[in-house]
Amino acid sequence: MFVIVMWPLVARPMTLGARNWDQMNAQRAVVVRSIERYHQFPFWDPYTCGGHPAWASLEADPIAVSPVLPFYFFLPLPIAIRVEIVFWAIVALLGTWRLAGRFTESTALKSLCTVIAVLNSRWGLQIAAGHSWHLMYSLLPWALYFFDRAIEPDAAPARSRRDLVLVGACIATMVYGDGIYPVPHTAFALVVYAIVMARTTRSWRPLTAVAEAGAMGAGLAAAKLLPLFEYLERFPRIIKSDEAMWPQYLYGPFTWRESDYTAKGPFAVGMWHEWGFYIGWPALIGLIAAVAASRGPRERALKWAGLIMFSFFVGGFHPLTPWRLLHLLPFFKSQHVPQRWMTASVIMLACAGVSGAERWLRGAGPRRPLYEGLLSFAAVALAIQIGTVSGASLVHSFVYPSPVAHADSPFRMVHRLPPRPDYVPELWDVASLPAVIENIGTLECVTDNGLHVTHHDDEGRMPAVGAWGDTDPEYRGEAYVAERNAPASVVSWTPNAVEVHVDGANPGDHVVLNQNWDAGWTADGAPTVAYKDAVATIATSASQTILFRYAPRTIGWGVALSALTLAAIAFMLTRGPGA
């Protein structure tokens, strides 16, 4: 099945995906260009939106701290993306296999669980649509696996501590991978699982364990989280979410054999990539029956977590639905499309189903080998059936050629890139990737939530955009003196640092850098000022050279907290077995 799903990527190895992939490709290209060419960490993205924080953004720098980063340095972008997709798919398969193994030793049942929970059509649809953050769900089964081991009553203290560290590491990796949905869904699943286990076993251990794992995950990810929270204070991500499906149509996403991610479902509003989760009628019926047959405290916890998340899937057809109520909470106001909860829900329920099926097999007595053989045949047939649908989604998406850089000239800002015959951006008709590879900044963009092109006013300007494109009447160069026509030139340029020389300025004039202002910008080490939302500083002499430099204000605290967490983990893991 894995080969069937991934074959479209292999068959056309040099193509790029459609819809959101321009945004995702551009974000990866910014990381590679910043590190490889300028030897800087990608704190700032000067290429999109008129310049915006990359490290502090919800969906930027997805590979800056990632095991797949090295591949991007020596492979072409289309190949590196395929390596990333395949890598995380393998991680998901192995994690689900190990998690299912906590509830059965049957190879057939573990195979069925892996097929249903991981490589269903949802995987193909989300990747086809360019939702690369979906790859971070690969770590959800690993987090559950390590957590379930850590809270075993007879678990050795040393192993339990190590497992909780690994849970925290999974969460932190999701954060660094821009898992905007996998992170809260995994955290929610762990918390519900811990609560039910604590209630069932009458022990505080599951609750203290989930608190420890969460603290370690947050600490390890603090270098990313603190800049992110600071940026969200300026540009809160609050999204309306009333997407809904009437309960009588809940079977549809699991049974409609549709692979085109742009399709309109007969029972859903919006494109199919947000709804489709094809596994087929036989697998759906078998899963429901197996879940109902499961027994035990761990199974009860899995079912509670899975069913609560499934209730969110129904969405917001009424103000009192579970999702609409959850969406009132501050953290979840940043989320929309509740159908995205289905991935976590199905992983939990599939594992509970494995336990239920294992009960049936144990009751089969000497006929168990026969039933194992039948289940193995069913797993293969299901893999082929689902894999064909899931893989076909990638056929519809990865069809565009990779753009070729026409030039790599000194950096300049444009309002938007003109159309080019060798590249089709598709979503919102805004091209970002060609700008990055040609060292050009653009104002119109889809790479940042606060400066997104959909927020534009009647004149085509987005709020908080202070930069100007070279065809705009207000454009005065990449550096200028606001109050007069005194010469200002860029002496040296990198994404995070720009050196500007001015002549003929009066003390008190604003020396402006043609990038959007953010509090992380400094000029000769002092905080900058916002001049009409652009980066600026006050001239102190007629002729001077000014070094503008960017780094998130909270990055020092974040790195220190992450380092302190690492030190605390090292101390904890080196304690004696009886500690």
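A: A charge counts as sitting over a ring if NZ of Lys or CZ of Arg is within 6 Å of the ring centre and within 35 degrees of the ring normal. Please note that this is a predicted model.

Q: Over which ring does the charged end of Arg340 sit?
A: The ring is that of Tyr181, and the charged end of Arg340 is 4.5 Å from its centre.

Q: And what about Lys224?
A: Its charged end lies over the ring of Trp55, at 4.8 Å from the ring centre.

Q: Turning to ring pairs, how many aromatic pairs are there?
A: The count comes to 33 aromatic pairs. One of them joins Tyr47 and Trp493, with 6.2 Å from centre to centre and 65° between the planes, an edge-to-face arrangement.

Q: Where in the chain are Tyr47 and Trp493?
A: Tyr47 is in the loop between strand 2 (44-45) and strand 3 (52-53), whereas Trp493 belongs to strand 8 (residues 488-493). The pair links distant parts of the chain, 446 residues apart.

Q: Is Trp493 buried or exposed?
A: Trp493 counts as buried because its relative accessibility is 18%, and the cut-off for buried is under 20%. Tyr47 is also buried, at 0%.

Q: Why is the pair of Phe147 and Tyr193 edge-to-face?
A: The planes of Phe147 and Tyr193 stand at 75°, with the ring centres 6.2 Å apart, and planes over 60 degrees apart count as edge-to-face. Phe147 lies in helix 7 (residues 140-150) and Tyr193 in helix 9, so the pair ties together parts 46 residues apart in sequence. Phe147 is buried at 1% relative accessibility, and Tyr193 at 3%.

Q: How many residues of helix 9 are buried?
A: Of its 20 residues, 14 are buried, so helix 9 is mostly covered.

Q: What span should helix 9 have?
A: At 1.5 Å a residue, the 20 residues of helix 9 (residues 182-201) should span 28 Å, and the end C-alpha atoms are 28 Å apart, which agrees. Just after helix 9, Arg202 takes a positive phi of about 55°.

Q: Now the sheet: what is the order of the four strands?
A: The order is 7-10-14-13 in an open sheet with antiparallel pairing. Strand 7 (479-481) and strand 13 (529-531) are at the edges with a single partner strand each, so one side of each has no neighbour in the sheet. From one strand to the next, the twist averages 40°.

Q: Which residue is the bridge partner of Tyr480?
A: The partner is Val512, in strand 10. Strand 7 and strand 10 (residues 510-516) run antiparallel and are joined by three bridges.

How values were computed: Residues numbered from 1 in each chain as written. Predicted model: local features only at pLDDT ≥ 70, side-chain atom pairs only at ≥ 80, totals over all residues. Heavy atoms only, no water. Helix = DSSP H or I, 4+ residues; strand = E, 2+ residues; numbered from the N terminus. Expected span 1.5 Å × (residues − 1). Buried < 20%, exposed > 50% of the residue type's maximum accessible area, 1.4 Å probe, protein only. Pairing = 2+ DSSP bridges. Axes fitted to C-alpha atoms, helices over the stretch in contact; angles between N-to-C directions. Phe/Tyr/Trp six-rings, centres within 6.5 Å; stacked < 30°, edge-to-face > 60°.
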